[in-house]
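Please consider the following model with attention to its charged side chains and to the faces of its helices.

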Amino acid sequence: MSRAALLVLADGRFPAGGHAHSGGAEPAVKEGRIRNAEDLAEFCRGRLHTTGLTAAALAAAAAHGHDPLALDEAADARTPSPALRTVARKLGRQLMRAARATWPSPELAALARARPRGAHQPVVLGLTARAAGLGPEDAAHCVAYETVSGPATAVVRLLSLDPFEATAVLARLAPELDRIAEQATAAAHGTIDALPAACAPLLDITAEAHAAWPVRLFAS
Amino acid sequence: MSVQATARINAVLDSRGVTSLPVLESDGPLALRRTRAANGPNARVTVVGAMSAPLGGDRLAIEARVEEDARLTVDSAAATVALPGPGAAAEPATYEIRLDVGERAGLCWLPEQLVSAHGSVLHMTTRIELAPTARLVLREEQILGRHGESTGTLTSRLRVHRAGRPLIDQQVAYGPGAPGGWDGAAVLGGHRAVGQLLVVDPSFDEKCPEARLLGPTAVLTPLVGPAVLVTAVAPDARLLRRVLSDALSDVLDTPAG
């Protein structure tokens, strides 16, 4: 594996469109559920252990070499919210463009052909990691980190939270991020049906409301 | 003393067009009674005996199979309360529901609430196989703690396959020892009642209800496939039931197609 390739893929400036998304933090701020750094930490921790684990395992499984179309179907079954399915596919399409320009591979090309409107983002990320010579654990780390870095960055803007505090929240989550990546990687060696399916009711509920807001700072 | 028990139900359509129950096996604390169905030719079974279970260490299961064209409703007489086992070193309890619904058959699975009492540890799994033309209504309600007490530990996985393909797969985990953040702003946000209503109906292939909010903490979402899922959290069991009941009559009263 190439540690530098992992940095390129995990870089927030990698042009895959993730910066436009708050990961459910925008509605949580509006409803008063996130008011400070402590609330942000609990939000991020909850997201990491639920949809974060599920997405990291899908990515690790794609990097491991499971059938990406079967994983895409598994991702649908793990995403009851149509708003979140749309977001996942849109982010998948954006990542696919960046990935094919960066690390062209026949597997990426085949998935782009089979899912022209975008596959679920974690599946694309897993295949991208594969194309970049990275492994399942690298893919899981990337996705797990995105799960919490998106909301943390968004809350800095939404609450005018001190960016140092937001970064400290992420740093304190590092041991849990490692554990989630480890769990996701272990699960990737099993069957697709047995992949984690942890979910977060409030994220599913608020995603639909948020998608209908006439004016919002973030796309999701 | 922990208990291992598997109750079984098999529903078939007999030659008169009435659903009969050639298999109706109670086991241990899981007592099954045939009760009067709201709709004549359908069958209804009420689980009457789960009050004293599951205790820590118990391994309970219910298996129900609804054969081609048959119609079955399963409900329960009272809430199921997960309690701690005797002794400090009790194992977690497990409760498995396995449901199989055949072609043109219908199953309504409408148990009362599952209450996670303080100190209990329960792992629940629900696995459902649906034929392509099967119909399903399933309600799940989880209440975290009895009145005024803190919750036990509860994990629950719901996995539904339709025509052999995954339709919905979700796992939740709450309480002491559950992965972090379960009570934070992403997951429960302090709510103590959480529930789901799943309705699978092949006629949704023609016209499926659209996503809509059912209040500030409840949403109806169409799945990929002819199915909708209602996801709701609420401060207590009564408010949760109201949301799910309204949603159910709403979905069933809206003829599709």
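**Charge pairs and a helix face**

In this predicted model, Arg146(B) and Glu149(B) are joined by a salt bridge whose closest N and O atoms lie 3.0 Å apart. Both partners are partly exposed: Arg146(B) has a relative accessible area of 40%, and Glu149(B) one of 22%.

A second pair in chain B consists of Asp169(B) and Arg159(B), with 3.6 Å between the closest N and O atoms. The pair links distant parts of the chain, since Asp169(B) belongs to strand 14 (residues 165-174) and Arg159(B) to strand 13 (residues 153-162), 10 residues apart. Asp169(B) counts as buried at 3% relative accessibility, and Arg159(B) is likewise buried at 13%.

Asp250(B) forms a salt bridge with Arg212(B), the closest N and O atoms being separated by 2.3 Å. Because Asp250(B) lies in helix 1 (residues 237-253) of chain B and Arg212(B) in strand 16 (residues 212-213) of chain B, this pair ties together parts that are 38 residues apart in sequence. Asp250(B) is partly exposed at 34% relative accessibility, as is Arg212(B) at 30%.

Salt bridges also connect Arg8(B), Glu25(B), Glu63(B), Glu96(B) and Arg98(B) in a network. Over all chains, the structure contains 31 salt bridges.

In chain A, Lys90(A), Arg93(A), Arg117(A) and Arg216(A) form a positive surface patch. Lys90(A) is located in helix 5 (residues 82-102) and is partly exposed, with a relative accessible area of 40%.

Helix 6 (residues 106-114) of chain A has Leu108(A), Ala109(A), Leu111(A) and Ala112(A) as buried residues. Viewed down the axis of helix 6, its buried residues fall within an arc of 165°, so they line one face of the helix. The face turned away from this buried side carries the exposed residues Pro106(A) and Arg113(A).

Key. Residues are numbered from 1 along each chain as its sequence is written. Chains are lettered from A and ligands numbered from 1 in the order in which they are written. This is a predicted model: local features need pLDDT of at least 70, side-chain atom pairs count only at pLDDT 80 or more; totals for chains, interfaces and linings use all residues. Side-chain values use heavy atoms; hydrogens and water are left out. Patches are made of residues with over 30% relative accessible area and no salt bridge: like charges are joined within 9 Å, nonpolar side chains (Val, Leu, Ile, Met, Phe, Trp, Tyr) within 5 Å. Accessible areas come from the Shrake-Rupley method with a 1.4 Å probe; for residues, only the protein chains shown count as cover. A salt bridge is a side-chain nitrogen of Lys or Arg within 4 Å of a carboxyl oxygen of Asp or Glu. Lys and Arg count as positive and Asp and Glu as negative; His and the chain ends are not counted. The place of a charge is taken as NZ of Lys, CZ of Arg, CG of Asp or CD of Glu. Helices (H or I, at least four residues) and strands (E, at least two) are DSSP runs, numbered from the N terminus. Buried means under 20% relative accessible area, exposed over 50%, partly exposed in between (1.4 Å probe, protein chains only). The arc is that of the directions from the helix axis to the C-beta atoms.
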